[in-house]
Amino acid sequence: MQILTLKEINKKYDQAKDFAVNKVSFSVNEGEILALVGESGSGKTTLLRLIAGLEHPDQGTIALGGQVIVEGKKSVPAHERKVGMVFQDYALFPHLTILENVLYGISKPKKEAEVIAKETLKLVGLTEDHGKYPHQLSGGQQQRVALARAIAPNPRILLMDEPFSNLDALLKDQVREEIRQIIKMTGITAIFVTHDTKDALSTADRIAILHKGYLQQIDVPKNLYENPVNPYVANFFGKRNELIANPSEDGFYTSFGYIADPEAKKYKSKVRLMFRPEHAEVVQREGQQLTGNIVKVAYFGSHQLVKISDEQGYSVSIRTNPGRVFDNLGNAFFYLWKYDIEEAF
Amino acid sequence: MDLVKRKFYWWNKWIGYALLILVIVATPIFTILFKLFASPGDSWSHITNNLLAGYFQNTLLLLLGVAALTFLLGVSTAWLVSNYEFPGRKYFEWLLILPLGFPGYIMAYTYVGILDYTGPIQTFFRNTLEITFKGSLIDIMNLPGAIFILSITLFPYVFLISRSSFLQQSKTMQEASFLLGAGRSKTFFKIALPMTRPAIVAGIALASMEVLNDYGTVKYFGVNTFTTGIFRAWFSMGDATTAIYLAAILMVFVFLLLYLESVQRGNRRYSNVNGLSKPTARIKVSSGKQYVYTAICSIIFLVSFLFPFLQLVSWVWLTYAKVMDAQFLLLIYRSFGLAAIAGLAVVLLSVVLLYALRLSPFKWVKSVTKVATLGYAIPGAVIAVGVMIPLLAFDKWIYDTLLTARTAGLFLSGTLFALLFAYIVRFMAVGYNPVEAGFQKIGIHVNEASRLLGARSTKTLRKIDLPLIKNTLLSGVLLVFVDVLKELPLTLILRPFNYQTLATKAFDMATNEMIAESANAALIIILTGIIPIIFLNRMIRKRDL
């Protein structure tokens, strides 16, 4: 069931030239975790603030839990939306204790509220220090308090603005998993904003990609990665190699050799063959393969990147497993097992 | 399925309150501006024929003289304390700000007393050296005298701002200049001074604003300026329209000054943007030079604060038994009460204005609310006139519509309400700026978080925003309190009949040849004024270090 629906949302800021959010429509299903991904200035945080009621769109409607909350010049004010939000800087109230912070949003009799607050704090892993003030906690603990405060009033949807950006790399993997578990345990619907594709791929059920205010694609991680709808989305998830190719009746001619492909006859002029480093394989034997010279092997621990260049010095990168040994730089063979064909220019 | 009530997104009650406050606070200012296009009063031709040229000349000379002298005093001392190490340097950093606590009019008659026949200097010469002067030692009751008095009370503005600017200049910038072969003086004139120019001009602009506001000093010294002209037209000639016209011209003066200041500042940002700059290390010079520097700062401090301060103290010592009666205590109580109410009102209104701005989705609201702070640039006498016109009109309206002649009287004009209203218009900026800084410091996210947790804007203000900016609110009240306590021209025009504040009492006594007695009220004003100065200095130091 859809819990949140955005229709044709436009938003332009006072002094800005371009729209921050441009004709964006999408829905979020109950219990789902959606990641809004994009570069800075892509409109992802604006979108979050529009859903929260902290900004008002120029056009479009928003419905939450079956109620239209934004339409035309009217909207339900933020304090009546029952939307939970975790801010990037956490925005904990510095003059209130941890417990008081979490109690703030629970509109229940005092005793009942305290039980809920303590349970929520326990859920996020804070079993003590409830009487401390925010500045006495570490960054990671502060984030847990912010999460607890947001989910304690049992909101209809949880919004998180860059929840992982303030954490160091080692802590990040662990926190991502924990937050996912907490959200799934409460069954709450969540939307989070991030600029890091790794956050999105590992945490979200679905991912929406924004670019210059436009929604590019919204889908499950695997589909986005494997079947991007356009070059922007494809490049967003990592570097792709590019081969200029001339189409013939049954294949492509490239500077590394010939690739047999019946698709080629659809194209009249030069095309670009785009492939990810992991979508190619370096092989031993000569055959139906492309050929070039290995100019560099870079070791990354979990994998290696082999740089292969053609006769003119143009090179592509191919990923291999870290155990493979390349004794001598020099002649090498490789083939592509997956690539996208894009019109050149 | 539309269960939840939707409202217009741009409206909340705070916007309504803010608009109401803005209209009320801006009314006096715009009244004056509109009157500029009305025809002047009966005595206008008399004024243009006989007085206007003199007003113009005196006001301009006063402005130029004070600008030059405050520049000299302020920049030299600021350069010394921020660049050199010498005995007492640390103390001069705040001692040289203390003159700000001296209202110009008190400084004026204190100096007249010091230089008088019975004053300490002549007495010393007469009794110890047996030299007798004829009349006053130096006649300072003239234009150069007024320039001197206003400069020694106002140079701390230039000192403060340029010191802060000198401290922000990076050490590497000066070192680069030295390495390129420039000496100390060349570095000062070619690098440090030009970089500080926007700050210095801003300081001088502040001082100039105070010069245009001054009534006590020029009145006491018999120098006719626009401000005294307004008083003369209002009180002596009873010609309100002419007073308004003069006030309007003076306001044009002020806006011109503000405009020039903003033009010179332009887009230039001389401060270091990379944030890596280290504060300039102070230079150790030969002990001979050190004593010269200490001497320069000491003399300026003695002349601008310590001498007149001690003079006041000694007068208080002589007269307190006579002056400090129950009536005087009542006067203190009432003055403090009035100033405290004004301070609270200003801060309360500032909070409403700024909270509306905080919640508003529109950027232009910011420039609109700024209108409320215009009063600080406008001389007190002008504001007094601007407050008087609408209140008199209101009284007349009430009289015409509701009442018979028998019960007629003053309802708003000529009451404490008028005075309070004028204080609010004049000192809005003094409370507004700290509150604005306070809100900025805590950021908008705590407010948004509270509202998303279901708290209405009013509850959010009460539970989150206000507790977080408590200290700023207090300092806002304090700053307005002190300004109101020493305010003179506006109070003289708008006070209810026979009503006295410490400031008017001191001024009245001094002009009635009771200088020594007036020192009691003056000393209270000055001592109260020193408190926020020390606060201010701490704030600047914290920002710099």
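Visitor: How many residues of chain A and of chain B take part in the contact?

Guide: Two residues are in contact if their C-beta atoms, placed from the backbone, lie within 7 Å. Here chain A gives 32 residues and chain B gives 24 residues. This is a predicted model, in which local features need pLDDT of at least 70 and side-chain atom pairs count only at pLDDT 80 or more, while totals for chains, interfaces and linings use all residues. Residues are numbered from 1 along each chain as its sequence is written, and chains are lettered from A in the order in which they are written.

Visitor: Which strand gives the most to the side of chain A that touches chain B?

Guide: Strands (E, at least two residues) and helices (H or I, at least four) are DSSP runs, numbered from the N terminus. S5(A) gives the most to that side, with 4 residues.

Visitor: Which strand of chain B is joined to S6(A)?

Guide: Two strands pair if DSSP finds at least two bridges between them. S6(A) is joined by 2 bridges to strand S1 (residues 7-8) of chain B, and the two run antiparallel. In S1(B), B:Lys7 stands opposite A:Ser75.

Visitor: What does the domain assignment of chain B give?

Guide: Domain bounds come from an automatic or database domain assignment. For chain B, the assignment gives domain 1 (9-38 + 337-473 + 488-496) and domain 2 (49-315). Taken over C-alpha atoms, the centres of domain 1 of chain B and domain 2 of chain B are separated by 31 Å. Their contact takes 15 residues from domain 1 of chain B and 20 residues from domain 2 of chain B.
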